[in-house]
Amino acid sequence: RYFMAPGDNPWNITARFLHSMQYWKPLLRLNNVDRPRQLPPGTELNIPLSWLKIEAATTRVKDAGGDAVYTSAADGQVRPLQPDTLLAGGDRINIGEQGSAVLEYTDGSTLFLGSNTAVTLERVNKFSNSGVADSEVKLEAGRTENQVKTRGSRFEIKTPSASTAVRGTQFRTSVDSVDNKVSRVEVLSGSVAVD
């Protein structure tokens, strides 16, 4: 859902947010717009996520403590995980026995990483400048607690035995410390799809 600002029109919205200019007519049809030049500011437009440009984004380390490091996908270097570090797709995080970390995505969603946790940020993207994130985390060991804020954001966590996908909810995911083929998902609010 996009609310038009002063100066917006279907053509500059299409150029800024959508894959190509071919989408301006389908955008008008979808929203039942007969007079595109007369849309006032505040008009709500519905835009399918599949039409939006996908861009690389970063995830910010909101808090980190104890034994917490990450391996950069860009150069393979292992560095300490510190507040305000920016992480990208492909980066791998290892939290030791006395460590923890909180990551914040572009849409305000958070990912808490508990002790003895190993994750890889498989996908860290955003849908254009919409404030909607597209993220995938591979949880190899340990546990996470997740709060997904923006409705419409794609947030997935994959473990060796399950894949969870959510849009706007709060949940925990963990991999059993003895048998990594066993995963647990706890839903605190909202709903979670598990495969």
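**Ground rules.** I number residues from 1 along each chain as its sequence is written. Since this is a predicted model, I ask for pLDDT of at least 70 for local features and count side-chain atom pairs only at pLDDT 80 or more, while totals for chains, interfaces and linings use all residues; side-chain values use heavy atoms, with hydrogens and water left out.

**Whole chain.** I looked up the secondary structure and found two helices and 17 strands (DSSP runs numbered from the N terminus: H or I of at least four residues for helices, E of at least two for strands). The C-alpha atoms fill a box of roughly 60 × 35 × 25 Å along the principal axes. Of the 195 residues, 42% count as buried (under 20% relative accessible area; exposed is over 50%, partly exposed in between, with a 1.4 Å probe and protein chains only). I also checked contacts (heavy atoms within 4.5 Å): among those with a separation of 6 or more, 48% join residues 24 or more positions apart.

**Strand S8.** Next I went to residues 92-95, which make up S8. Ile93 and Ile95 form its covered face, and Arg92 and Asn94 its uncovered one. For pairing, I need at least two DSSP bridges between two strands. Asn94 stands opposite Val69 and also opposite Ala118 in S11.

**Cores.** Which residues touch the most other members of the largest nonpolar core? I found Leu81 and Ile93, in a core of 26 residues. S11 gives the largest share of this core, three residues. A core here is a set of buried Ala, Val, Leu, Ile, Met, Phe, Trp, Tyr and Cys residues joined through side-chain atoms within 4.5 Å. Leaving out residues up to four places away in sequence, I see Ile93 touching Val69, Leu81, Leu103 and Val119, among others.

**Surface patch.** Last, I looked at strand S16 (residues 183-189), where Val185 lies. Val185 is partly exposed, at 30% relative accessible area. Together with Val187 and Val194, Val185 forms a nonpolar patch on the surface.

Technical notes. Patch = residues over 30% accessible without salt bridge, like charges linked within 9 Å, V, L, I, M, F, W, Y side chains within 5 Å. Areas by Shrake-Rupley, 256 points an atom, 1.4 Å probe, with all protein chains shown as cover. Salt bridge = Lys/Arg side-chain N within 4 Å of Asp/Glu carboxyl O.
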